[in-house]
Number of protein chains: 2
Amino acid sequence: MGAEAKTSLPCFELERILYEDPRAKSVNLLGQCEHQGERVPALLLMEKTHFTPAFLASLQQGLEHTFSHLEQIGQNDIYTWVFGWTSDQVHTDAHTKMSLICPANSDLIAKYSAPERRMIIETPHMYETVTKPWIESLPASKVTWVHNILNGESERESVLYNDEDPKTGFVLVPDLKWDRRTLSSLYMVAIVRDGSLTNMRDLTKDHIPLLRKIQKAGAQIAHEKYGLPAPSADGSSSSLRCFLHYMPTYFHLHVHLMSANFTTHPGALVGQAQLVDDVISLLELGVDFRQRTIGYALADGHKLLAALQQAGFAT
Amino acid sequence: MGAEAKTSLPCFELERILYEDPRAKSVNLLGQCEHQGERVPALLLMEKTHFTPAFLASLQQGLEHTFSHLEQIGQNDIYTWVFGWTSDQVHTDAHTKMSLICPANSDLIAKYSAPERRMIIETPHMYETVTKPWIESLPASKVTWVHNILNGESERESVLYNDEDPKTGFVLVPDLKWDRRTLSSLYMVAIVRDGSLTNMRDLTKDHIPLLRKIQKAGAQIAHEKYGLPAPSADGSSSSLRCFLHYMPTYFHLHVHLMSANFTTHPGALVGQAQLVDDVISLLELGVDFRQRTIGYALADGHKLLAALQQAGFAT
């Protein structure tokens, strides 16, 4: 631990709470720190640590070994509720993980503040007059990284499946957020080769074989490489939750393939995600995706929200 | 603390981990306890506590006051990562909440074990031959509580909005899981009066006015009673994420109305939830909901899954 850390850390002075997630036991705090002789804005991100394997192993020796103090707070029939205090001895696991960001500019402060979200009910008219022109105005450089994956210039060693057909081909890679080990949070992404497809509204009946190929390859890799249960032969069940984002964060069509057991990922929320099987069925039934009204959540500060507001929508 | 608690608690002997949620910092453990002179199965559910207001207030006095020990684990540019150990003094907040269930029968053990989920890709044929008959076979008593709410026999004091029309009427109540205070997790349910509607597949164009009335009343209550932003006059944006469950947990049509900011609720996942605005749009476009193939997740042990498997699906 350097001398700077010793002096810079305890100096944090709390101003206010920017965001709390009681389920994740995390809190983002805004305050001030001393930096080069001045008081500057600083962010302190705190999160309780998870139970470690060493902690769980220590339970073999009984609760009184693991906890320095236990307090019963209730009892009813077969149920007993207890609070526990672990030891503060340094050799045990830390209670809290913290990240200090100092100095913190306004972008960083906004990033770690509670985002206000609203639902956008996007009519075909809103799509044609605002969303589509906005997508087309984005610089091509935003998806350079996608082309690097498709060309084999990046993440070549990560590719799980590669279909080179320029129209119905795609590359399947593990999602960056996946640790590539935990089966219950298995998360892969299929990036299609056809660069004319920017988002779900571009899909027509012609793309059903592409979507089916992606689901089939994803199920095969999930089963053969990672050991997830195979889908049923008649297609009536699967271990993967496959979906498209609408609105996506980048405009080169891609499919998310996630373990059906991964139920805590906010990107899989309704109003953000559309199930591939539902999409295929609607295309088969003749639904024109340019004529659908589609709801999705946008966070304050999203540039599409600004474009919609400028056009008189989503005031 | 009774004498029984003192002796019954530390006796827990760990056998194995049934389920872990690293994001929620929770773990469900199976073990044994002494009960009436015998060793019996017991469950110990552990969860880290969230940061309390008192803890956050103590930060005003600096990190070194709140933590008995701090350890820097990394530093890069404006970022510093730190582990912290809080004091083990009894007057501070507990580190861990625990529930002990003893003795625990096999149903309880299954309930707290990691559920394996799979996606069911339900074709119209599967619905007509398995799901619909299964829904119709459920005893009417399963929705007695729903009728009690509709009749005003239960939760009368909770009703937020009451439309008595037998065909297009509904009752709007706070969801039981909502604390009725936290705006970011606002969660209401609208239960329709028309008992012939069991689930989303029963909806036709005729029900669009019902769905619109529910969304309108929900937005009004969310705004006037709870202070959420009002929807835009042209319907292009809203503060509520409104959805139907498919598969629902009970078969009397109901709509979930949730703050758009509530992004951690697993019931709002794609493959479980269908956005009401999307549903309205598809009905307007002439989609026959009995002819759609719809995907949804079912957990092992769900009775519908058993019915589907018995019919040769979802093997």
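## A two-chain model at a glance

Chain A and chain B meet in a contact that takes 110 residues from chain A and 110 residues from chain B. Keep in mind as you look around that this is a predicted model.

**Where the chains meet**

- The size of an interface is often given as the accessible area lost when the parts come together.
- Between chain A and chain B, the buried area is about 10,100 Å², and carbon and sulfur atoms give 60% of it.
- On the chain A side, A:K25, A:F51 and A:V270 supply 7% of the area that chain A buries against chain B, more than any other three residues.

**Two helices in chain B**

- Two packed helices are described by the angle between their axes and the distance between the axes.
- Helix 7 (residues 208-224) of chain B packs against helix 8 (residues 276-284) of chain B at an angle of about 155 degrees, and their axes are 10 Å apart.
- Because angles over 145 degrees count as roughly antiparallel, helix 7 of chain B is roughly antiparallel to helix 8 of chain B.
- The crossing of these two helices is left-handed.
- Helix 7 of chain B touches its partner through B:I208, B:L211, B:R212 and B:Q215, while helix 8 of chain B contributes residues including B:V276, B:I280 and B:L283.
- By type, the residues of this contact are six nonpolar, one polar and three charged.

**A hairpin in chain A**

- Strand 4 (residues 67-76) and strand 5 (residues 79-86) of chain A run antiparallel, joined by eight bridges.
- Within this pairing, A:L70 stands opposite A:G84 of strand 5 of chain A.
- The hairpin has two residues between the strands, and A:D77 takes a positive phi near 55 degrees there.

Note on methods. Residues are numbered from 1 along each chain as its sequence is written. Chains are lettered from A and ligands numbered from 1 in the order in which they are written. This is a predicted model: local features need pLDDT of at least 70, side-chain atom pairs count only at pLDDT 80 or more; totals for chains, interfaces and linings use all residues. Side-chain values use heavy atoms; hydrogens and water are left out. Axes are lines fitted to C-alpha atoms, for helices over the stretch in contact, and angles run from 0 to 180 degrees between N-to-C directions. Helices (H or I, at least four residues) and strands (E, at least two) are DSSP runs, numbered from the N terminus. Angles under 35 degrees count as roughly parallel, over 145 as roughly antiparallel, 65 to 115 as roughly perpendicular and the rest as oblique. A crossing is left-handed if the near helix is turned anticlockwise from the far one by less than a right angle, and right-handed if clockwise. Contact means heavy atoms within 4.5 Å. Ala, Val, Leu, Ile, Met, Phe, Trp, Tyr, Cys and Pro count as nonpolar, Asp, Glu, Lys and Arg as charged, and the others, Gly among them, as polar. Two strands pair if DSSP finds at least two bridges between them. Buried area is the accessible area (1.4 Å probe) that two parts lose on being put together, summed over both.
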